[in-house]
Amino acid sequence: MTLDQVKRGQKLYIVAIPNDTVRAQAIRFGIAEGSEVECAAKLPAGPIVIAKGKQEIAIGRKLAENIKIQLA
């Protein structure tokens, strides 16, 4: 399953972030492979907003299609 398929409010684990640049940026925000996050919002034809703790990060749809996840 990929990040673009989640629904708002679902908790999930990040399984794989294949893009090296994206992985490095996610790590700066404290999100890495194996992290548990929650889908805070899913905007129609827009980004997926994931939350970890009090932090929220918007991830574009094209990028979200490449991030593998597992539901918690």
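# A guided look at a predicted protein chain

Guide: The accessible surface of the protein chain is about 4,500 Å², and 52% of it belongs to carbon and sulfur atoms. Such areas come from the Shrake-Rupley method with a 1.4 Å probe, and for residues only the protein chains shown count as cover. This is a predicted model, in which local features need pLDDT of at least 70, side-chain atom pairs count only at pLDDT 80 or more, and totals for chains, interfaces and linings use all residues. Residues are numbered from 1 along each chain as its sequence is written, and side-chain values use heavy atoms, with hydrogens and water left out.

Visitor: How many helices and strands are in the protein chain?

Guide: The protein chain has two helices and five strands. Both kinds are DSSP runs numbered from the N terminus: helices (H or I) have at least four residues and strands (E) at least two.

Visitor: In what order do the elements run from the N terminus?

Guide: The order is β-α-β-β-β-α-β. The radius of gyration is 11 Å, close to the 11 Å from the globule rule for 72 residues, so the protein chain is as compact as a globular protein of that length. That radius is taken over C-alpha atoms, and the rule is 2.2 Å times the number of residues to the power 0.38.

Visitor: What does the C-alpha trace span along its principal axes?

Guide: The spans are about 25 × 25 × 20 Å.

Visitor: Turning to Val-22, is it buried or exposed?

Guide: Val-22 is buried, with a relative accessible area of 13%. Buried means under 20% relative accessible area, exposed over 50%, and partly exposed in between (1.4 Å probe, protein chains only). Val-22 lies in helix H1.

Visitor: Which residues does Val-22 touch?

Guide: Leaving aside residues up to four places away in sequence, Val-22 touches Ile-17 and Leu-63. Contact means heavy atoms within 4.5 Å.

Visitor: What caps the N-terminal end of helix H1?

Guide: Asn-19 does: one of its side-chain oxygens lies 2.8 Å from the backbone nitrogen of Thr-21. Helix H1 covers residues 20–28. Just after H1, Gly-30 takes a positive phi of about 85 degrees.

Visitor: Which residue other than glycine has a positive phi near 55 degrees?

Guide: That residue is Ala-45.

Visitor: And where is Ala-45 placed?

Guide: Ala-45 sits in the loop between strand E2 (36–42) and strand E3 (48–52). Ala-45 is exposed, with a relative accessible area of 82%.

Methods
A polar contact is a pair of N or O atoms within 3.5 Å; within protein, one must be able to donate a hydrogen and the other to accept it, and residues adjacent in sequence count only if both atoms are side-chain atoms.
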